[in-house]
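Please look through the model below with the following notes beside you.

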Amino acid sequence: DLLSIIPLKQVRRLIRHEGVLHERRVQGNKLTRSELRRFHYHLRSRFGVASFARLWLLVEGESEYWLIPQIARLMGYELSLEGIACVEFAQCGLDPPIKVARELGIEWHVLTDGDTAGENYGKTAHEYLDNDNGSERLTVLSEKDIEHCFWQFGYDEVYKKYSQLKSPQLEELSPAKIIQTAVRKRSKPFLALSIVEAIAMKDSAGIPQILQDMIHACVELARNSPGRLVGY
């Protein structure tokens, strides 16, 4: 809470690696006035604790925020213990958090949808890759959003069940309409946790490989984060 109200230019992040204490700060000219305002309002005010993380997993929306930590737990990872924070960026935009993360020595990875907005976010992320491996920093879903990703992977029955639609309607409506109805009848957090329960069931379809690869990449980045500061 205290950190979230301190001006960003006054924040110093200290990282110890092999007996050396590294100091990182956000230089005054790195963010525009608009970017700084959006970062403070949308991120610092909500995710002050994320400033202590080793890696920011930047996600578009609420579903990913609820789903990813639970999926990681099923894979044997506790993201908070790995120093990974899921941070929603859609309201803030992608430039401010990536700029701040780079300045403070925080690793980052972006998960975007496969729609037009996600394509634009992917282009933005590519601008910050430098010499990094793209798969280390960016995951783009093939589907328009994470709900459609799980629908296509075999969890369509979860959305059909909670849409409360009858059989004739289910046959006539598109997946998008059924998913929207399920979200309206329940909520994105409820459906996210229902998907996690379905994944955990015996003989389930498991976790989409693209999300498994992303979580493995994030854990690897987070674990090696202090050592990578030498290359900055």
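1. A residue is called buried when its relative accessible area is under 20%, exposed when over 50%, and partly exposed in between, using a 1.4 Å probe and protein chains only. The model is predicted, so local features need pLDDT of at least 70 and side-chain atom pairs count only at pLDDT 80 or more, while totals for chains, interfaces and linings use all residues. Residues are numbered from 1 along each chain as its sequence is written, and side-chain values use heavy atoms, with hydrogens and water left out.

2. R13, which lies in strand 1 (residues 13-17), is buried yet has no salt bridge (a side-chain nitrogen of Lys or Arg within 4 Å of a carboxyl oxygen of Asp or Glu). The nearest side chain of opposite charge to R13 is E107, 8.6 Å away.

3. The side chain of R13 does reach the backbone oxygen of A53, at 2.6 Å, and a polar atom of the R13 side chain lies 3.2 Å from the backbone oxygen of L104.

4. There are two cavities of 30 Å³ or more, a cavity being a set of points on a 1 Å grid over the protein atoms alone where a 1.4 Å probe fits but cannot get out. The second largest cavity holds about 40 Å³ of space, where volume means the space filled by probe spheres set on the points.

5. Helix 11 (188-200) gives the most to the lining of this second largest cavity, with four residues. The lining, whose residues have an atom within 4 Å of a point, includes S63, E147 and K188.

Note on methods:
On a 1 Å grid over the protein atoms alone, a cavity is a set of points where a 1.4 Å probe fits but cannot get out, and a pocket is an open set with protein on both sides within 12 Å along at least five of seven lines; lining residues have an atom within 4 Å of a point. Helices (H or I, at least four residues) and strands (E, at least two) are DSSP runs, numbered from the N terminus. Lys and Arg count as positive and Asp and Glu as negative; His and the chain ends are not counted. A polar contact is a pair of N or O atoms within 3.5 Å; within protein, one must be able to donate a hydrogen and the other to accept it, and residues adjacent in sequence count only if both atoms are side-chain atoms.
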